[in-house]
Amino acid sequence: MMPDNSFKLGLCLSGGAARGMTHLGVLRELEEAGLRPGMIAGTSVGALIGALFAYTLDIGAVERIVLAFLKGEDFSDLRGDILIRAREGEERRGIFRSMLRTFRKSLFYSVSMTKLSYLPENRLESLVAKMVPDINVEDTKIPFACVATDIVNNRPYFIKEGPLRRAIAATSAIPGFFPPVAWDGVRLVDGSWSMQNPVRLLREMGADFIIAVDISQDMLDAPAPDNGLEVVLRSNMATRITLSEMELQEADYVIRPDICEMNWWDFKKSDICMLKGRQSAAASAADIKEKIERARQKKVSTIKI
């Protein structure tokens with residue numbers, strides 16, 4: 001498809017931790033289909049991958065950066081810190097339960113009562129610096145923005161300018177594990193807690209057609225709750241799923257890769273996630289092109305009128 005500078009294609013990448021590797025496959029397949037986005041907005045891991053693509057415009061480079069980080073010592077150390085009290089073999093039964101056990105035993109009952117987070121303040125930004133260039137959000141090659149959660153005013157917070165590394169840290173700061181990120185007088189945490197799919201943000205940026213890639217965590221991944229904390233977390237999850245579905249209604253096309261069996265912290269399956277992303281985008285490409293063409297013609301006819 002020939003590029004049309006007057007018609008702006010936006011790509012919305014949701015959060016989802018390890019499932020975010022699916023975005024790499026989607027981006028590669030869309031690129032090969034001639035559907036390169038003219039702007040990107042993302043949440044959490046979707047923001048990280050979206051920012052790297054917006055900066056490089058090279059999906060191969062993005063893959064190399066992300067996969068090299070996942071294979072490096074920094075990520076290995078991070079993973080060990082989070083699961084340090086999980087018993088041997090629990091990962092096979094489900095990392096979700098392991099993290100809940102860690103949260104209950106060491107974080108919720110001790111650290112969270114006296115500190116803002118389980119991990120130190122500079123840990124997240126130092127990790128982000130391993131992958132993200134030291135530039136401003138507005139300096140990427142195509143427009144990029146991300147969403148974080150403002151816990152001072154209790155609302156989504158759109159980041160369209162400012163230090164890119166700090167922006168990615170803010171949208172990725174998992175509450176309880178990483179401390180809130182200070183930004184322009186507010187405190188920001190993971191964007192997934194307030195807006196999993198920032199479709200509206202792309203509309204505000206001027207997108208004419210928006211493709212949303214939904215890799216949201218669903219309840220099939222979590223065990224049945226057997227204590228009060230798990231009930232609270234599952235209730236929060238229900239709210240986030242409902243909000244996500246409302247957000248996706250504003251997109252022009254939604255790609256939903258078949259990754260229900262993928263655990264949200266299992267980065268060992270990155271290759272499978274990338275393949276699933278490619279498959280879902282390939283299956284959608286023809287339909288997307290058809291809908292884009294209709295949207296483009298509609299825009300042209302509206303302008304003529």
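**View 1. Ala 47 in helix H2.** Ala 47 is buried, its relative accessible area being 0%, where buried stands for under 20% relative accessible area, exposed for over 50%, and partly exposed for what lies in between (1.4 Å probe, protein chains only). The residue belongs to helix H2, helices (H or I, at least four residues) and strands (E, at least two) being DSSP runs numbered from the N terminus. Leu 13 is 34 residues away from Ala 47 along the chain, yet the C-alpha atoms of the two are separated by 6.7 Å. Leaving out residues up to four places away in sequence, Ala 47 touches Leu 13, Gly 42, Phe 144, Cys 146, Ile 168 and Thr 171, a contact being heavy atoms within 4.5 Å. This is a predicted model, in which local features need pLDDT of at least 70 and side-chain atom pairs count only at pLDDT 80 or more, while totals for chains, interfaces and linings use all residues. Residues are numbered from 1 along each chain as its sequence is written, and side-chain values use heavy atoms, with hydrogens and water left out.

**View 2. The whole chain.** The chain has eleven helices and eight strands, and buried residues make up 54% of its 305 residues. Of the contacts in the chain with a separation of 6 or more, 75% are between residues 24 or more positions apart.

**View 3. The nonpolar cores.** The largest nonpolar core has 68 residues, and those with the most contacts inside it are Met 21, Phe 144, Ile 159, Ile 168 and Ile 288; such a core is a set of buried Ala, Val, Leu, Ile, Met, Phe, Trp, Tyr and Cys residues joined through side-chain atoms within 4.5 Å. Helix H2 (residues 45-56) supplies the largest share of this core, eight residues. A second, separate core has 13 residues, including Ala 145, Val 199, Ala 207 and Ile 210. In soluble globular proteins, nonpolar side chains tend to be buried together.

**View 4. Helix H1 and Met 21.** Nine of the twelve residues of H1 are buried, so this helix is largely enclosed by the rest of the structure; the buried ones are Met 21, Thr 22, His 23, Leu 24, Gly 25, Val 26, Leu 27, Glu 29 and Leu 30. At 1.5 Å a residue, the twelve residues of H1 (residues 21-32) should span 16 Å, and the 18 Å between its end C-alpha atoms agrees with this, the expected span being 1.5 Å times one less than the number of residues. Setting aside neighbours within four places in sequence, Met 21 is in contact with Val 45, Ile 49, Val 66, Leu 70, Phe 267, Ser 270, Cys 273 and Met 274. After H1 comes Gly 34, whose phi is positive, near 80°.

**View 5. Ser 14 in a loop.** Ser 14 is found in the loop between strand E1 (9-13) and H1, and this residue is buried, with a relative accessible area of 0%. A polar atom of the Ser 14 side chain lies 3.1 Å from the backbone oxygen of Val 213, and the backbone nitrogen of Ile 215 lies 3.0 Å from a polar atom of that side chain.

View 6. Gln 196 sits in the loop between strand E6 (186-189) and helix H9 (199-205) and is buried, with a relative accessible area of 9%. A polar contact of 2.9 Å joins the side chains of Gln 196 and Ser 192; the term stands for a pair of N or O atoms within 3.5 Å, where, within protein, one must be able to donate a hydrogen and the other to accept it, and residues adjacent in sequence count only if both atoms are side-chain atoms. The structure holds one cavity of 30 Å³ or more, a cavity being a set of points, on a 1 Å grid over the protein atoms alone, where a 1.4 Å probe fits but cannot get out, and lining residues having an atom within 4 Å of a point. The largest cavity contains about 40 Å³ of space, and its lining includes Ser 192, Trp 193, Gln 196, Arg 240 and Glu 247.

**View 7. Two loop residues with positive phi.** Ser 44, in the loop between strand E2 (39-43) and H2, has a positive phi of about 55° although it is not a glycine, and it is buried, with a relative accessible area of 10%. Asp 184, in the loop between strand E5 (181-183) and E6, is likewise a residue other than glycine with a positive phi, near 50°, but it counts as exposed, at 69% relative accessibility.

How values were computed. 1 Å grid on protein atoms, 1.4 Å probe; cavity = no way out; pocket = protein on both sides within 12 Å on 5 of 7 lines; lining within 4 Å. Points joined across faces, edges and corners; volume = space filled by probe spheres on them.
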